[in-house]
Every structure is written in structure tokens, then in C-alpha cells.
Amino acid sequence: MGIKWRHWALPAAPLALALLAATGCESTPDARPKPPAAPSTSVARVCAKPAAGPAKAPAGAVTVDPGVAGDLAAKTRSSPPNTTFWLRPGKHRLGPDRYAQVIPKEGNSYLGAPGAVLDGRKTNQYAFGGTARDVTIRYLTVQGFVAPHDEGVVNHDSADGWVIEHATIQNNSGAGLMAGAHQRVHASCLRGNGQYGMNAYKSTGRISGLVVEGNEIVGNNRDDWERRRPGCGCTGGVKFWAVNGADVRGNWVHDNRGTGLWADTNNNDFRIENNVLEANDGAALIYETSYNAVIRNNTIRRNNWVEGRRYADRGDNFPFATVYLSESGGEPRIRARTDKIEIYRNVLENNWSGITLWENADRFCNSPANTSSGDCTLLVKHTDRCTQPAIATAPLYADCRWKTQRVDIHGNRFVLDKSVVDCTAKCDRMAVLANYGTYPDWSPYQGERVAEAITRKQHNRWHDNVYLGPWKFIAHDPSRILDSWQWQSTPYQQDAGSTFRARDGG
């Protein structure tokens, strides 16, 4: 799980193409696309203006008293399934035991009156747990809980069918929220949680039919877990694990420490659209060892300034990206609403670099370099098959590794003004590349095989985009730095029909 950003073992004399000065060239007028309009995305400012819940108890609801510690958990235990609970205004407390969480019954609803807060007082680990299906939480603020690393406060056990709506889940340790199948998170504020705003992870089975819509996801990973556990890959505004079918739309994901949205390990069939992803310290979006996605109509601005600059200052020449696809691509054999990864009609403005397509030649099933330890691709049922000699021949040679393939990047607008980003180098790159395979010694992917495949054989294509600013392009490996003319020419033939204006911004 998580990304190792670089694992270089380049040959002794790597081929390096000369870096030419930016020319400001354009494609022919007949092929010139119209600049795509900025996505018409309204920002979900739900944290500053949360919706108010009912001022009076709905008919038939059980009223919960903030003056009685543990009243919510006790009344939940004594009431039948499908009960609605109305929490009066004020600060509600659970019992003093750290495991005094509420265990809902199937179909329960929890409604907060204006000013209703469920406060863990830095004592209780979880707010709502258990396996009951179809639980609803609306208009309630949940704060001050101390869930452990990788665990969550609301829906701790990843039960299915929950609806979280007009809720504020803030200032908790761990993840503010976990996710189950067919969960809907709508118009909620996920703010200032110690690890994730939401951790979409289910220990048994995969999550399907997840909807994350119209939320504000801000200031998460407050506890800076990547610093505490370097390389853990365990942070973000939202992290998705093995989710099969997700719609992530209309969210405002901003100012998170680290990545905004991160899909890691065998996710499939995502639609990420009409979001505003901005001012996250790391990448706006990482899609890692996953399949089949549509990424469209998003506004992506001012991301990766902290982490991109940090790597550049260390002398790292990896094209650390704002949209980063790592061992992820389209796979027609896995059922989804698309059979490729399509990235289109997005506006990327003044981020630290653009889109990187990457494949680690040493990362595959059973390899010690596979940071998703114990996981294999969705194409291989029995991981132990991915060993010599079988892995060196079809079909396992292809199926035992996650491949960055069938990625279609078109109709986007890439804007870079280095004076805004405050950089002189390494913030201006678009890339498709792999490392030189070296490890382990039984790997059939050693040498330049993977670099050649991702660059020229796996149907990864940029076309009909608009570039404003001094963009550079990297192909095959970090040493091959190209200008737009080289990028469009043989052998790469990328960005047909695209336009380039080399001056900053515009």
C-alpha cells in the first residue's frame, strides 16, 4: 500500500535527449482545438455554512438529552430498529469508557437539532460503530474522538448502506469517517481530522456503489502521518481502497496535508467529476494500482506546492505530479462503465507540474517491491502463480502486473505561471515513464521492457489539449526531457491537435 516515488536503477549510459528552448509553437490552425472553458463547478462551502437540522423533534422520534451522559447510546440500545433519534441542541457526551460508542440498529436515523454536537472529549475512540445496515446521520457535528491510526470515528466497522448528510465531522484522530458498500456521503464537512477525512476501506470484501457528493474536505491529515511513518501511503483528504464503483462529484477538496483524493490498490470504475481540488500540499489526485476511470470537468489549481518543492529541493528528478497515475489503466476484461482511463475537460492551473503516467518495473504480484503487500491484480485469482517460470510467459507475464495503459488525456487546459508557483525548475513537467527494471533477480521485467511499453505500446495518449506556459515533457525515463516539438514528433507522437503558447500563464 502506498507509493514509493522512485526506485531508479538506470543503465550505466542512459539515452538523454537534448533539452531545447521553448519555441511557442502551435499545431496547424486546422487542427487547433478551441480552449476548453473552465468547468462550471460551484464550490461546496458547507463548512462555513452548514445546513441546520430540524428545530423540533419529528413525529415519532426519540429525543436525546445532552445533559445526560450516554443518553444516545442507551436509548439506541433500548429502541427497536428503524427508530429516528433527535438530538437536542447542545454538547452530547458518551460514557467515560473509550469503547462507549453508539451501536445503531438497522434503519436507524440520527438527526441533530441546530447546535447539536456529539463530542468524544478526547476520551472515546468511536462515535458510531457496528454492522447495522442503512443507518442515516444528518445535521450532526461529530468531534473530539480519538480513533487509532487507520480506523474511523463514524461508521467505524464499514457497515453498508449508510447515509451521511449535512454532517460536520471534524477534529478527530484517525479518519473522520469510514465507508461501506452503497454508502452516500453528501453535503458534509470533513474537516481537520488527524489522518483522513474519509477512509473508504472494508476489511472483508470490496466496497461498491460509493457516492461522495457535494462535500467540503479540508485540512485533513492534521497529524502528518507521512512524516511519522515515511512512505506509509496512509494519508489524504479521502483514501479509497478496493472500491468497485464510485462517483466522486461536486466536492471541494482543499488545503489537506498531503494528497487530496487517493485511490490505492484495486479500485475500479470511478467517476471523478465537477470537483474543485485546490491548495493540497501534495497531489490533487493519485490513482494507484487501479483500473477504469473517468476524470472530467474538474478544476485543479495550486496543488503540490509543498511536496513537489520538497522533492525538487532534495535534487530528485522524478516528475512529481499533481495528477499521478501509478500502475493504473484501462482494462476491458474488468467490468466497468468505461474500459480506459479518460482524463478530459479539466482545467489545471498553477500546480506543481501536471499529469504523470508512471509504472514501476519492479512492482508486480509477489515482488518484494510491491508496496501493496500481499495484493495481486484483479486478473489473477491465485497470487502464487506469479512466480518463475510461469510469470515469464503469457498470460501471466501481462496479468501479474498492474499496467498504466489505455489512458486518454484530451480536451484539457494546462496553465502554468512560474511566478505564481514561485519556482524556476521541475514544476513544469508532463510525463510518461518507468524505471529500469532490476529487482528481484527472478523478475521477467528487467531492463527497459516496461519503459518501452508504457511509452510506446500501451495506448497512452495525449491529444487536443491547450498548454499555456513553459511546459516540458518527459518520456521513457527522467533523462528524456523534451520540448513540445519533440513530444509531438516520432517516436512519441503525443498531443496531436494540441496548442502551445510558451510564455508564462495566460
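Cys47 and Cys189 form a disulfide (a pair of cysteine sulfur atoms within 2.5 Å), and their sulfur atoms lie 2.0 Å apart. A disulfide is a covalent bond between the sulfur atoms of two cysteines. The structure is a predicted model, in which local features need pLDDT of at least 70 and side-chain atom pairs count only at pLDDT 80 or more, while totals for chains, interfaces and linings use all residues. Residues are numbered from 1 along each chain as its sequence is written, and side-chain values use heavy atoms, with hydrogens and water left out.

**Disulfides as a set**

- By the distance rule above, the count comes to five disulfides.

**Cys47 and Cys189**

- The link of Cys47 and Cys189 is right-handed, with 100° about the S-S bond.
- Cys47 lies in the segment before strand S1 (62–64) and Cys189 in strand S13 (residues 189–191), so this pair ties together parts that are 142 residues apart in sequence.
- Strands (E, at least two residues) and helices (H or I, at least four residues) are DSSP runs, numbered from the N terminus.
- Both Cys47 and Cys189 are buried, a term that means under 20% relative accessible area, with exposed being over 50% and partly exposed in between (1.4 Å probe, protein chains only).

**Cys386 and Cys400**

- Cys386 is joined to Cys400 by a disulfide, with an S to S distance of 2.1 Å.
- The torsion about the S-S bond of Cys386 and Cys400 is about -85°, and the disulfide is therefore left-handed.
- Because Cys386 lies in the loop between strand S29 (355–359) and helix H4 (396–399), and Cys400 in the loop between H4 and strand S30 (407–410), the pair ties together parts that are 14 residues apart in sequence.
- Cys386 is buried, at a relative accessible area of 0%, and Cys400 is buried, also at 0%.

**Cys423 and Cys427**

- A disulfide links Cys423 with Cys427, at 1.7 Å from S to S.
- Cys423 is buried with a relative accessible area of 10%, and Cys427 is buried with a value of 0%.

**Annotated domain**

- The unreviewed UniProt entry places the feature "domain: Right handed beta helix" at residues 155–304; positions follow the numbering used here, feature names are shortened, and annotations may be inferred rather than shown by experiment.
- Over residues 155–304, the chain is 3% helix and 48% strand, and the end C-alpha atoms of this stretch are 30 Å apart.
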